[in-house]
Structure formats: C-alpha cells, structure tokens
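Please look through the sequence and the model shown here before reading on. The paragraphs that follow begin with the whole chain and then turn to its surface, its charged pairs and one of its helices.

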Amino acid sequence: LFQSFTQADASTTRRYGGTGLGLAICKRLAECMGGEVAVHSEPGKGSEFSFTFIAGFDPAWQDRLPAPVAVSGAAAQTAIAPLRVLLVEDNAINQQVALQMLASLGCTADLAADGRAAVDAVQQRDYDLVLMDVQMPVMDGLEATRRIRALSDRPQPRICAMSASVLDEERRACIVAGMDRHLAKPFRRAELDRLLREIAATQGASAGQPDAAGDDDAFSLERLIDDLGDDGAVELIDELIVAADESLRALHAARESAAFVRAAQTLAVNSRMVGAEPLAAALLAADADQHREALALRYTKLVERLRGWRNHP
C-alpha cells in the first residue's frame, strides 16, 4: 500500500484522482524524521492512517512569534465584496474543505459535481468565479471550460483551475482551454483569499461601461509566468501574437450580436492572460455598433506591446 503506483486510467475524466505517490512520499518523510507510517483498516468500517516522528523542542520558540496586531473598525471586516462562486469538484472531502474555506472568507458557493453540471449551472446563473477541478468523471474541467467560453449569450466568469498537478504543460493546458488562473492542490486559505480579493477589486471595472477610447492597457506577465514558468509564458505569448490577426478579423467580420460576443470574449480571455484587465473588462461589456473599432485598436496596441516585450524582454 505504501509503494508508489500509477493509475491504469490516466485520462482527466477518470473517476478516481491521485498519482499514487502520496502514501509513498509520507512514508519516506516519516522515515527521514526517524519515524514510520502505519495503517489500521477494518472492512466496512474504514481505515486509520497514522505516523510517528522524532521531534525536538526549543523553549525559545515562543519568543520568535510576532505579537498579535489589534485591528478595529472597518479594517477588521473582510474587504472581499460578495462574489457569486461556483465550486466544481467531484470529491466529497475536497468539496467540504473548499466550501468551509470559502465560508471562512465570507463567501458562499454553489456546487457542481462534474464539468457537465458546471456548464449547466453557468447557463442558469451568472457567476463571478468558477473554481474548476481538472480531473472529474463525466466531463473534465478542460472541456467544461471550453464549453463555458463558447457560451455567447452568458456573462463570462473568471475560471480558476484546481489541480494537484504542477507540471508546466498541464498548467498551460488549463490556460489554453480558457482558464484565468491555476491553484495547485492542496491550496492554502491565504491563496484563496488573495484570489477572491483580486477578483473583487476588478468587479467595479467590469460592471461599468467600456472605455472605448482608453489607452491604459498595460500588461503584467507576473501571473502568467507564475503559472507557466518563463518558457511556457513566452510560448503562449508567441501563440497569442500569431493568432491576433485572425482574432481581430473575427471581431470585424461579426455582424450578428452572438458572433460579436464570441469574438470579443476570445480577445477578453487573451487580454486577461497577460494581465490587461481594463481591456478585458471593456471587451466583455462592449457593444458592436459603438465600440468595435476602438476596441480593435486597443487590442492591436496590446499585441504590439507584447511583440516589443518579446523582442526585448
């Protein structure tokens, strides 16, 4: 049981998750600390896993703890605005952990147990954030994200991948599918708090009218590089630059409202990838008759800035 193994079904729609390394790693860590791992299991009742290790004690540890800081008034309350969150997760324990974590941060969430249910939920209600597991039965998170991004008649939420994989190629697959961020499982409460605050901070800009004449579309690659690494970020930016002409042609050619919304959403997702939040918000709120040319110009300028960075990073 404590030896490493691999899943016979390696697809992202497999019913059971994991890589087969968890217990093996725990065993090695316990042994490195002079201990061991054990399991007691009874059929029909459950299993209990335990570990031991040799720990030292430093009486001075209390002196190194920072003194608590008193916070009063408005600052003591959470700065996270009420967000409409959809949690997409098939594992019951992970569901409870994520829901409790969200509740501790002042957010409630709807729950979907697989990708197909997530697509149905987004069609029925507007969400600010979808926390999307990647490996799920019925429909995986990548396909669910692609289908959500193809919905031309629905407001587009932020979609954040939740995955135990931290490989650059799998993070990149999430971004390419249309996800905005990647949270590595098991993520910490502080990471989720940071994500919620980032989204809440942009809600005002997203809700307003697009500033078609604006030229404040600076970009930030810090998040993209954090998700994909230097090489992965460069590769994705190259693809975005190559695809720009075709994406802009689709925006110019769209005469029906649904076609325009689809084209604008594609550009908005691309803009968010590189941290151009004002442009992404404007594209999602755009009107074909009033803003088409101005937004196309803004996106063209963004691509030129990216091309300049690519030539002189």
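Of the 313 residues in the protein, 40% are buried, where buried stands for under 20% relative accessible area, exposed for over 50% and partly exposed for what lies in between, taken with a 1.4 Å probe and protein chains only. This is a predicted model, in which local features need pLDDT of at least 70 and side-chain atom pairs count only at pLDDT 80 or more, while totals for chains, interfaces and linings use all residues. Residues are numbered from 1 along each chain as its sequence is written, and side-chain values use heavy atoms, with hydrogens and water left out.

The secondary structure comes to 10 helices and 7 strands, which are DSSP runs numbered from the N terminus (helices are H or I with at least four residues, strands are E with at least two). Among the contacts in the protein with a separation of 6 or more, 65% are between residues 24 or more positions apart, a contact being heavy atoms within 4.5 Å. The protein exposes about 17800 Å², and carbon and sulfur atoms supply 53% of that area, as given by the Shrake-Rupley method with a 1.4 Å probe, where for residues only the protein chains shown count as cover.

On the surface, Leu 21, Ile 25, Leu 29, Met 33, Phe 51 and Phe 53 form a nonpolar patch with about 600 Å² of accessible area together. Patches are made of residues with over 30% relative accessible area and no salt bridge, like charges being joined within 9 Å and nonpolar side chains (Val, Leu, Ile, Met, Phe, Trp, Tyr) within 5 Å. Ile 25 has its place in helix H1, residues 22-32, and is partly exposed at a relative accessible area of 46%. A search of the whole structure finds 1 aromatic pair. That pair is Phe 51 and Phe 53, which are stacked, at 6.0 Å centre to centre and with 15° between the planes; rings of Phe, Tyr and Trp (its six-membered ring) pair if their centres lie within 6.5 Å, and planes under 30 degrees apart count as stacked, over 60 as edge-to-face and the rest as tilted. Phe 51 is exposed, with a relative accessible area of 55%, whereas Phe 53 counts as partly exposed at 41%.

Side chains of opposite charge can pair when their charged atoms come close. The structure holds 17 salt bridges, each a side-chain nitrogen of Lys or Arg within 4 Å of a carboxyl oxygen of Asp or Glu. In one of them, Glu 89 meets Lys 185, with the closest N and O atoms 2.8 Å apart. Glu 89 lies in the loop between strand E3 (85-88) and helix H2 (92-104), and Lys 185 in the loop between strand E7 (181-184) and helix H6 (189-207), so the pair ties together parts that are 96 residues apart in sequence. Glu 89 is buried at 2% relative accessible area, while Lys 185 is partly exposed at 23%.

Another salt bridge joins Arg 310 and Asp 238, at 2.7 Å from N to O. This pair links distant parts of the chain, with Arg 310 in helix H10 (residues 288-311) and Asp 238 in helix H7 (residues 222-253), 72 residues apart. Salt bridges that share partners also join Glu 89, Asp 133 and Lys 185 into one network.

Finally, helix H9 (residues 277-284) is mostly covered, as 6 of its 8 residues are buried.
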